[in-house]
Amino acid sequence: MRTAQASGQGVILYGPPTSGKDTTTAALTRQDERYVLLRKLKYGTGRSSGYRQVTRAELDDLRRTG
């Protein structure tokens, strides 16, 4: 697993489901190691695919540390 250095720069892919965001992300990460997927955090129930599940304690800690 690669880790990204905080550079303050990024690319945000936004769009409706099935618009190619995952495909574009996969292509970018294969082409250049500077691109890494930052998974969205998810606390609670519901859809979990594509999210990084966190506990309430982890979420509170992340909020505290900014």
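**Figure 1. R34 and its salt bridge to D32.** R34 counts as exposed, with a relative accessibility of 69%. In this predicted model, the side chain of R34 is joined to D32 by a salt bridge, and the closest N and O atoms lie 2.5 Å apart. The structure holds 3 salt bridges; the pair R34 and D32 is one of them.

**Figure 2. Salt bridge between D60 and R56 in helix α2.** The side chains of D60 and R56 form a salt bridge with an N to O distance of 3.3 Å. Both residues belong to helix α2, which spans residues 56-65. Their spacing of 4 residues corresponds to about one turn of the helix. D60 is partly exposed, at a relative accessible area of 27%. R56 is also partly exposed, and its relative accessible area is 42%.

**Figure 3. Salt bridge between R64 and D61 in helix α2.** R64 pairs with D61 in a salt bridge whose closest N and O atoms are 3.6 Å apart. The two residues are 3 apart in helix α2, so about one helical turn separates them. R64 counts as exposed, at 63% relative accessibility, whereas D61 counts as partly exposed, at 38%.

Figure 4. K42 sits in strand β1, residues 40-42. Its relative accessibility is 17%, and K42 therefore counts as buried, the limit being under 20%. K42 has no salt bridge. The nearest side chain of opposite charge belongs to E58 and is 14 Å away.

**Figure 5. Surroundings of K42.** Leaving aside residues up to four places away in sequence, K42 touches R47, Y51, R52, Q53 and V54. The side chain of K42 reaches the backbone oxygen of R47 at a distance of 3.4 Å. K42 and Q53 are 11 residues apart in sequence, and their C-alpha atoms are 4.8 Å apart in space.

**Figure 6. V54 in the loop between β2 and α2.** V54 lies in the loop that connects β2 (51-53) and α2. V54 counts as buried, with 6% relative accessibility. Its contacts, not counting residues up to four places away in sequence, are L41, K42, Y43 and L59. V54 and L41 are 13 residues apart in sequence, with a C-alpha to C-alpha distance of 6.6 Å.

**Figure 7. Positive phi at T18.** The phi angle of T18 is near 65°, a positive value in a residue other than glycine. Most residues other than glycine have a negative phi. T18 belongs to the segment before α1 (21-31). T18 counts as exposed, with a relative accessibility of 84%.

**Figure 8. Nonpolar surface patch of V11, L13 and Y35.** V11, L13 and Y35 make up a nonpolar surface patch of about 240 Å². V11 is located in the segment before α1. V11 counts as exposed, at 52% relative accessibility, the limit being over 50%.

**Figure 9. The protein chain as a whole, for orientation of the close-ups.** The protein chain has 2 helices and 2 strands. Read from the N terminus, these elements follow the order α-β-β-α. The chain has 66 residues, of which 8% count as buried; K42 at 17% relative accessibility and V54 at 6% are included in that class. The chain exposes about 6200 Å², and carbon and sulfur atoms supply 51% of this area. Among contacts between residues at least 6 apart in sequence, 17% join residues at least 24 apart.

Methods. Residues are numbered from 1 along each chain as its sequence is written. This is a predicted model: local features need pLDDT of at least 70, side-chain atom pairs count only at pLDDT 80 or more; totals for chains, interfaces and linings use all residues. Side-chain values use heavy atoms; hydrogens and water are left out. A salt bridge is a side-chain nitrogen of Lys or Arg within 4 Å of a carboxyl oxygen of Asp or Glu. Buried means under 20% relative accessible area, exposed over 50%, partly exposed in between (1.4 Å probe, protein chains only). Lys and Arg count as positive and Asp and Glu as negative; His and the chain ends are not counted. Contact means heavy atoms within 4.5 Å. Accessible areas come from the Shrake-Rupley method with a 1.4 Å probe; for residues, only the protein chains shown count as cover. Patches are made of residues with over 30% relative accessible area and no salt bridge: like charges are joined within 9 Å, nonpolar side chains (Val, Leu, Ile, Met, Phe, Trp, Tyr) within 5 Å. A polar contact is a pair of N or O atoms within 3.5 Å; within protein, one must be able to donate a hydrogen and the other to accept it, and residues adjacent in sequence count only if both atoms are side-chain atoms.
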